[in-house]
Each structure stands twice: as C-alpha cells, then as structure tokens.
Amino acid sequence: MRLDIISIFPEYFAPLDVSLIGKARERGTLDVRVHQLRDWAHDVHKTVDDTPYGGGPGMVMKPEVWGEAIDTVVGDGSPRMIVPTPSGRPFTQELAQELADEPWLLFACGRYEGIDSRVMDEYATRLRVDEVSIGDYVLAGGEVAVLVMVEAIGRLLPGVLGNAQSAVDDSFAPGSMQNLVEGPVYTKPPVWRGHEVPPVLLSGHHGNVARWRRDQAIRRTVRNRPELARELDPGTLDKHDRKL
Ligand SMILES: NCc1ccc(-c2ccccc2)nc1
C-alpha cells in the first residue's frame, strides 16, 4: 500500500518511522510519503491560509495551494483521499478494514478552521473523497487523526502484525467477540502485591477460559459502552445483569 500525507507539520509523522509501521515500511509492505504543503505556496512567506469568507474567527486554508499539492502528488493516479475533520463520518474498525484494502491512500491534513471546501468538491469529481472523524472533539489539526488512522489501518495489512498479535481477536473484528470491548488481561506472576490472577485462567481448560473471557468482555461492554451493549443480540445479555 502507498500512503501519501500532505501537511504543514510533516515532523508530526516521525512516529511512522518506528515500531509496526516503521518495520512495514522497511519490508516494503507500506510506502509512506510525507509532503510539506508549503512547498506549493509560492509567496515569500509561503502562505497557506487566509481569512474566512462570511467573516468569523480563525483562518481557512487556501484552495490554490492545496490544488497544486494534490495535483502533484496524485498525477494521473487515483488514490482514495481522506480528510480528517470533526464533522466527518466516524472512523471505525470496519472503515479501517475497508481502507486497509485500498492500494493507495492520500491523507490531507487541515489546520486552522480547515481546508476551503472547494478542494474536496474539486477532487470528488475524480477521486473517492471521505471526510473522516476519529471522535467528537476538536484538535488543532488533522495530523494526530492521521496517525491514529494509519496505525489502525497499518496493523491490518498482511505481515504487519507478528503471529503473536493477531488482529483477528480484536474486540471490533468479525467473530465471537465482535462489538464487545476487550476484557481484562493478565500475565506472570500469578500473585502480585496480593492480587491473584483469576483461577480459571490458570486452569488450562480452554473452553472455560473462552467463556470467562467473553463474560468479562460483555460485563465491561455493558458497564463502559451501554450504547454498544444495546446493539448486542438479546441472547448475549440474557444471563447478564443489564444494569451491572
Ligand atoms: N475527529 C477529530 C478531529 C479531526 C480533525 C480536526 C481538525 C481540526 C482543525 C483543522 C482541521 C482538522 N479536529 C478534530
């Protein structure tokens, strides 16, 4: 997969040189290219923003600069364009999987009050353009959201996760734990500062372990994510105290 990222803060993406993503880049599984938007601003100050039409606070990113940048990066290709915004469609595990199947993604990182809307309109005429939100809070720009999405997408690519960490058991991946949050996890020692590991996990009885883990995941989902718990099959909750 090829990933292009355009931003006025390319240094935000240094973390993509390390860990899972860094190794995937070394292996050639991922081809990540980060671009400095200001390279396409031609005035002496390399201006990328201006005051908003209609008035109001803050600044808006100029369409001309973004147009030249995206034209250069895209050429005659057709990447899927992702624009992180507070007002976008929710980023979910399902969307992460959908994007992990794409051969080429282009992330446009806005700053200030955002990118002139005509940029998304212009490229929607020839590319798939998605405005995507990673949550209902406002950041100072799209860069951190891109880091979140690249990690969630990258770990789903073949060969990125070692055998030890399978994405299959993810709480939101298809399967028996789908739509449940993760339950508690434990490792050695069996007793730590008087806290014992739940005995079932030391029993070696895989069926009981699986049932206990699902039960714990359901309890935690009901407690922490009631909106997810309401979506679970009624049978899932029949033996769990809905109020917990
Ligand atoms: N969904 C989180 C999110 C994503 C992007 C932005 C953002 C803020 C300023 C300018 C451009 C994008 N804020 C929040």
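I take buried as under 20% relative accessible area, exposed as over 50%, and partly exposed as in between, with a 1.4 Å probe and protein chains only.

**Entry 1: ground rules**

I am working on a predicted model, where local features need pLDDT of at least 70, side-chain atom pairs count only at pLDDT 80 or more, and totals for chains, interfaces and linings use all residues. Residues are numbered from 1 along each chain as its sequence is written, and side-chain values use heavy atoms, with hydrogens and water left out.

**Entry 2: overall look**

I looked up the secondary structure and found eight helices and nine strands. Helices (H or I, at least four residues) and strands (E, at least two) are DSSP runs, numbered from the N terminus. The C-alpha atoms fill a box of roughly 70 × 40 × 40 Å along the principal axes. Of the 244 residues, 40% are buried. The protein exposes about 14,200 Å², and carbon and sulfur atoms supply 53% of that. Those areas come from the Shrake-Rupley method with a 1.4 Å probe; for residues, only the protein chains shown count as cover.

I then checked contacts (heavy atoms within 4.5 Å). Taking pairs at least 6 apart in sequence, 71% of the contacts join residues at least 24 apart.

**Entry 3: salt bridges**

I used this rule: a side-chain nitrogen of Lys or Arg within 4 Å of a carboxyl oxygen of Asp or Glu. The count by that rule is 16 salt bridges.

I went to arginine 80 next. Arginine 80 pairs with glutamate 102, with the closest N and O atoms 2.9 Å apart. Arginine 80 lies in strand E5 and glutamate 102 in the loop between helix H3 (93-100) and strand E6 (104-108), so the bridge ties together parts 22 residues apart in sequence. Are the two partners buried or exposed? Arginine 80 counts as buried at 3% relative accessibility. Glutamate 102 is partly exposed at 22%.

Arginine 89 and aspartate 130 also form a salt bridge, at 3.1 Å from N to O. This pair links distant parts of the chain, since arginine 89 is in strand E5 and aspartate 130 is in strand E7, 41 residues apart. Arginine 89 is partly exposed at 33% relative accessibility.

Aspartate 130 has a salt bridge with arginine 128 as well, at 3.7 Å from N to O. Arginine 128 is partly exposed, with a relative accessible area of 46%. Aspartate 130 is buried, at 8% relative accessibility. Which residues do salt bridges with shared partners join into one network? I noted Arg80, Arg89, Glu98, Glu102, Arg128 and Asp130.

**Entry 4: helix H4**

I checked helix H4 (residues 117-124) for buried residues and found Val119, Met120 and Tyr123. They span an arc of only 95 degrees around the axis, which puts them on the same side of H4. The arc is taken from the directions from the helix axis to the C-beta atoms. Their cover includes helix H2 (63-74), strand E5 (80-90) and strand E7 (129-133).

**Entry 5: a nonpolar patch**

I found a nonpolar surface patch of about 400 Å², made by Tyr12, Tyr137, Leu139, Val144 and Val148. Patches take residues with over 30% relative accessible area and no salt bridge; like charges are joined within 9 Å, and nonpolar side chains (Val, Leu, Ile, Met, Phe, Trp, Tyr) within 5 Å. Leucine 139 sits in the loop between E7 and helix H5 (143-154). Its relative accessibility is 37%, so leucine 139 counts as partly exposed.

I looked up serine 7, which is in strand E1 (residues 2-7). Serine 7 is buried at 0% relative accessibility. A polar atom of the serine 7 side chain lies 2.7 Å from the backbone nitrogen of phenylalanine 9. Beyond neighbours within four places in sequence, serine 7 contacts Phe13, His35, Gln36, Leu37, Cys109 and Glu143.

Isoleucine 21 is in helix H1 (residues 19-27). Isoleucine 21 counts as buried at 5% relative accessibility. I checked its C-alpha against that of glycine 154, 133 residues apart along the chain, and got a separation of 6.4 Å.

Last, I found threonine 236 in helix H8 (residues 234-237). Threonine 236 is buried, with a relative accessible area of 12%. Not counting residues up to four places away in sequence, threonine 236 touches Arg214 and Ile218.

Technical notes. Polar contact = N/O pair within 3.5 Å; in protein donor to acceptor, adjacent residues only side chain to side chain.
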